[in-house]
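Start with the view below.

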Amino acid sequence: RPLDISIIGATGAVGTVLIKLLGASHIPVNRLRLLASSNSIGRQSTFRDEICFVESLGETDDIKTDIAFFSAGGAVSAKWGPLFAAQGALVIDNSNAFRMDPDVPLVLPQVNPSALAVRPRSGIVANPNCSTIQLVRALRPLVTAFDVHQIILTTYQAASGGGLIGIDELLSGTRTALDGGAGPSAERFPVPLAFNVIPQVGETAPEGVTLEERKLIQESRKILGMPHLQLTSTCVRVPVVNGHSEAIYIEFEEPVRLEQVHELLVKEPGVRLFADGIHEGYPTPRFLEDPADVHVGRVRVNPENPRGLWIWVVADNLQVGAALNALLIAQLAIANNVIGGT
Ligand code: 2RA
């Protein structure tokens with residue numbers, strides 16, 4: 001049956017991509033509500049050739065809907081997610097508010113679809129963090145085929161991971177820098193991003209690990225069902241508008257052959273392998289071939305250690321890393337008939 005759907009955070013970087021992807025999907029929609037903070041009231045969006053006006057989340061008491069997508073930050077999800085779920089919605093949350101909650105499945109439909117076999121008691125499903133999604137989608141065929149000793153990675157995360165503020169920080173900061181200024185950085189960025197790289201994404205905890213690095217470990221373990229997975233990372237913000245990249249070193253318990261790895265990656269749905277010859281070919285954020293795919297290149301066994309494998313992984317962090325995965329969760333929920341709750 002056609003569904004009532006609400007998008008909370010509809011005017012943000014992820015929300016606007018979600019409206020586009022939902023419009024292009026085959027999900028039957030009876031009513032789409034676009035909700036955002038009060039300063040976005042009256043803004044409009046086109047959805048399947050109809051104009052939709054943005055409403056203020058704080059000023060509505062009608063929150064009954066079938067699916068509520070949240071992408072407005074952890075505080076909004078923490079406050080409003082349970083209220084929407086209590087009214088029967090299936091809440092699909094893009095924030096970090098509930099990802100590690102035992103009553104909330106953390107779902108990558110290509111990796112752990114069974115996590116959404118039944119409606120979660122909380123009525124909430126969590127979307128993993130963007131840098132986790134592309135990592136785990138690339139790792140899945142390899143960590144299920146071979147025993148892993150440890151994983152070490154560095155991320156190169158685009159400005160859009162910081163939302164529209166992040167994109168503006170990069171673009172206006174670049175203009176300022178070209179005019180000879182340093183310019184202030186947006187509140188999400190400890191230092192200006194233009195012509196720079198920042199080895200910090202999210203707050204830094206006392207042990208020196210940033211929130212983003214902590215998310216990579218915790219979320220990968222939960223999604224893969226590998227509570228003892230050894231994974232360590234450095235998450236870096238780079239002056240790229242959109243598209244996260246990751247240099248990943250996987251040390252297995254046994255030696256691996258490049259041909260085996262190529263075969264596993266080629267067969268993985270939604271993974272696009274760049275391996276023109278044996279070692280040539282790699283993806284870059286500006287020239288992603290398909291915003292729905294995880295692109296993998298620079299696949300090579302460490303010549304000094306046959307148990308070590310390097311891969312380079314690039315994906316559109318707004319699509320693969322957020323909006324598309326949230327939509328795939330909705331399609332999975334519909335297929336599993338877990339829409340509509342209490
Ligand atoms: C970032 N992964 O890139 C975080 C949140 N999107 O800023």
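The model is a predicted one. The crossing is right-handed.

A second pair can be read in the same terms. Two packed helices are described by the angle between their axes and the distance between the axes. Helix α3 spans residues 130-145, and helix α5 spans residues 211-224. Here the axes come within 10 Å and cross at roughly 40°. The helices α3 and α5 are therefore oblique to each other. In passing α5, helix α3 makes a right-handed crossing.

Now turn to the ligand. Which residues surround the ligand? They are N129, C130, Q157, G161, G162, V201, E212, R237 and H244. By class, this shell holds two nonpolar, five polar and two charged residues.

| Residue | Ligand atom | Distance |
|---|---|---|
| N129 | nitrogen | 2.9 Å |
| E212 | nitrogen | 2.6 Å |
| H244 | oxygen | 3.4 Å |

How much of the ligand does the protein bury? On its own, the ligand exposes 230 Å². The protein buries 79% of that area.

Two of the topics share residues. C130 belongs to the ligand shell, and helix α3 runs over residues 130-145. E212 also lines the ligand, while helix α5 takes in residues 211-224. The side chain of E212 has an N or O atom 2.6 Å from a ligand nitrogen.

Definitions and conventions
Residues numbered from 1 in each chain as written. Predicted model: local features only at pLDDT ≥ 70, side-chain atom pairs only at ≥ 80, totals over all residues. Heavy atoms only, no water. Near = heavy atom within 4 Å. Polar contact = N/O pair within 3.5 Å; in protein donor to acceptor, adjacent residues only side chain to side chain. Areas by Shrake-Rupley, 256 points an atom, 1.4 Å probe, with all protein chains shown as cover. Nonpolar A, V, L, I, M, F, W, Y, C, P; charged D, E, K, R; others polar. Left-handed = near helix turned anticlockwise from the far one by under 90°. Helix = DSSP H or I, 4+ residues; strand = E, 2+ residues; numbered from the N terminus. Axes fitted to C-alpha atoms, helices over the stretch in contact; angles between N-to-C directions. Parallel < 35°, antiparallel > 145°, perpendicular 65-115°, else oblique.
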